[in-house]
Amino acid sequence: MSGVTMNEQLVADGAPQAVSGLYQPRLPRWAPAALALGAAVVAIAIGLGAGLGSRVQWGLLAGVLYVAATFVVAARVEGRRQAKDRLATSLVWVCFLIAVVPLVSLMWETIARGIKVLDGNFLSHSMAGVLTIQPGGGVYHAIIGTLEQVGIATVIAAPIGLLTAIYLVEYGRGRLAKAVTFFVDVMTGIPSIVAGLFVLSFWILMMDNGYSGFAGSMALAILMMPVVVRSTEEMLKLVPNELREASLALGVPKWRTILKVVLPTAIGGIATGVMLAVARIAGESAPIVLLVFGSQLINNNPFEGAQSSLPYYIYEQWAAGNEASYDRAWAAALVLIAFVMILNLVARGIARWKAPRGGRS
Amino acid sequence: MAKRIDVSGLNAYYGAHKAIDDISMTVEPRSVTAFIGPSGCGKSTFLRTLNRMHEVTPGGRVEGKVMLDDENLYGPGVDPVSVRRTVGMVFQRPNPFPTMSIFDNVAAGVRLNGGRVRKDELDGIVEKSLKGANLWNEVKDRLNKPGAGLSGGQQQRLCIARAIAVEPQVLLMDEPCSALDPISTLAIEDLIGELKERFTIVIVTHNMQQAARVSDRTAFFNLAGVGQPGKLVEIDDTERIFSNPSVQATEDYISGRFG
């Protein structure tokens, strides 16, 4: 009703004041950038004037000034509602920058310090016969250890996690499913050192096996399983029920429906989840210290004898406490970050490659 | 090929809730039977009991008899999977498999049912099904493109092609045109007219004109009140239902004087 009367009024008056309620002054597009620049300049001036030594203080000052200035300027020019909108936007931006600072500085620090000794020799040699105070030596034995331990852990944990998630989403009803969900939640919270202690008491002390990469893999698998279950579960839940029904209505048995329709639809997300779980356990050092023992030598056999791993190597080199070993620790940290990053890129690649294609062709 | 469906004393439940109450009816072979009625009266639930899809819903349970010629779908030892191969279904929203091409979508039923099929045989089945669904000319040059890239109406016809590719005896359609524009609807209604030469077709629709246009017989469902189970009010020749129904409630519903 009111819409009709409004239109009639518009037609009757035919004058712009009829729509004056829709028109409001707006800040120009460059305003946020200009305000940010202004806030930074003022913050630096205050910082220099008051003799604030820390750059962090300058940055925080600039952030506060930027948020405040945006709000005040927007409130004067655009009105209260727009000002609130701008306040929220500027807060999000400042928080984003604050969140990015540690990441960038971590990457910067690791690359700057790690690149010094990172070369072909470093990647292809172990620490055999190298004293910790000597430069040289390498990370090869640790890379082998990490690859094998993480690989075995994935081979154990990924299928179990995947099948558990399929059970929970496709079959699980009632008590058993609830219990499984509960224990998966509990497992998510297990600290890595506890998983290490469990395997230590069970596998090494009780069953009298020696230290080995495999013992470490078992602890890593315990840590990895709940992550795989959770992420796979979420991905399977995203598959529309209509697809399952469409397949069942064609007379396809349930197991084939899951195998041929549900899993392919979700495979991109599942692969991403598994890769993220792998990345998570690749950085674990506590179970490795307890179960793999650490070694200076190349040991290609994960089932017998001590091995090293990248996180353990970093810890060991840092603990050695001299110039040459610090350099090696940073270089190994860079290798570990690169390893995790490559895994992430691979996961994204798989997700994009396997994603259901919906676009018009 | 087409078979007669004979339902007697059918009740369906969602957990403790009774969704449809004591339905008995006969669906003639090689004809189109339309189900009409207000939302929530159990039309779709009843349709899903005809190929044992109802029990896929958690808590879904069925009592009674559904005879397909002389076999009871709910008899002991009947495999729901083989029932669904005999009684195909098309859903309200087009649901092509997003990971598969147009070809693979149509071939899905045949392939996933496990049988080893020769490539040229499969080509033949896909072409015949797509032609049967009046989609062949539109997609024959892009069979390996994703099925989800088609328009809504084309997707629905793709789903019909997928359903008829496994050569069912009966085709159930749950509001197949409710998400489509009038032109696609017309295409599908024409298709239903052609398909009834080969299949027994049951269609649920909210569109009275559609029921009048495509069906030979019409069943009117209603429910006594909110939370009450749905009931079959009457089933008769479509002409009679729309001109001179024997129950007052049917006339009220069809003429829009309902509730």
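A residue is buried if 20 or more other C-beta atoms lie within 10 Å of its own. By that cut-off, strand 8 of chain B, residues 200-204, is mostly covered, with five of its five residues buried. The model described here is predicted.

**Strand 8 of chain B and its partners**

- From strand 8 of chain B, B:T200, B:V202 and B:V204 point one way, while B:I201 and B:I203 point the other way, and all are buried.
- Strand 3 of chain B (residues 32-36) runs parallel to strand 8 of chain B and is joined to it by four bridges.
- Within strand 8 of chain B, B:I203 stands opposite B:A34.
- Strand 7 of chain B (residues 170-174) also runs parallel to strand 8 of chain B, with five bridges joining the two.
- B:I203 of strand 8 of chain B is the bridge partner of B:M173 as well.
- A right-handed β-α-β unit is made by strand 7 of chain B, helix 7 of chain B (residues 182-195) and strand 8 of chain B.

**Contact between chain A and chain B**

- Chain A contributes 23 residues to the contact, and chain B contributes 27 residues.
- On the side of chain A that touches chain B, helix 10 (241-249) and helix 11 (254-282) of chain A each supply at least two residues.
- Helix 10 of chain A gives the most to that side, with seven residues.
- By class, the side of chain A that touches chain B comprises ten nonpolar, six polar and seven charged residues.

**Domains of chain A**

- Chain A is divided into domain 1, covering 4-114, and domain 2, covering 140-353.
- The centres of domain 1 and domain 2 of chain A, taken over C-alpha atoms, are separated by 42 Å.
- Four residues from domain 1 of chain A and five residues from domain 2 of chain A take part in the contact between these domains.
- On the side of domain 1 of chain A that touches domain 2 of chain A, one residue is nonpolar, two are polar and one is charged.

**Nonpolar cores**

- In soluble globular proteins, nonpolar side chains tend to be buried together.
- The largest nonpolar core has 139 residues, of which A:M224, A:A332 and B:L171 touch the most other members.
- Helix 9 of chain A (residues 213-238) gives the most to this core, with 15 residues.
- Leaving aside neighbours within four places in sequence, A:A332 is in contact with A:V139, A:A142, A:L310, A:Y313, A:I314 and A:Q317.

Definitions and conventions: Residues numbered from 1 in each chain as written. Chains lettered and ligands numbered in written order. Predicted model: local features only at pLDDT ≥ 70, side-chain atom pairs only at ≥ 80, totals over all residues. Contact = placed C-beta atoms within 7 Å. Nonpolar A, V, L, I, M, F, W, Y, C, P; charged D, E, K, R; others polar. Buried ≥ 20, exposed ≤ 12 C-beta atoms within 10 Å, placed from the backbone. Pairing = 2+ DSSP bridges. Right-handed = clockwise from strand over helix to strand, strands pointing away. Domains from an automatic or database assignment. Core = buried A, V, L, I, M, F, W, Y, C linked by C-beta atoms within 7 Å.
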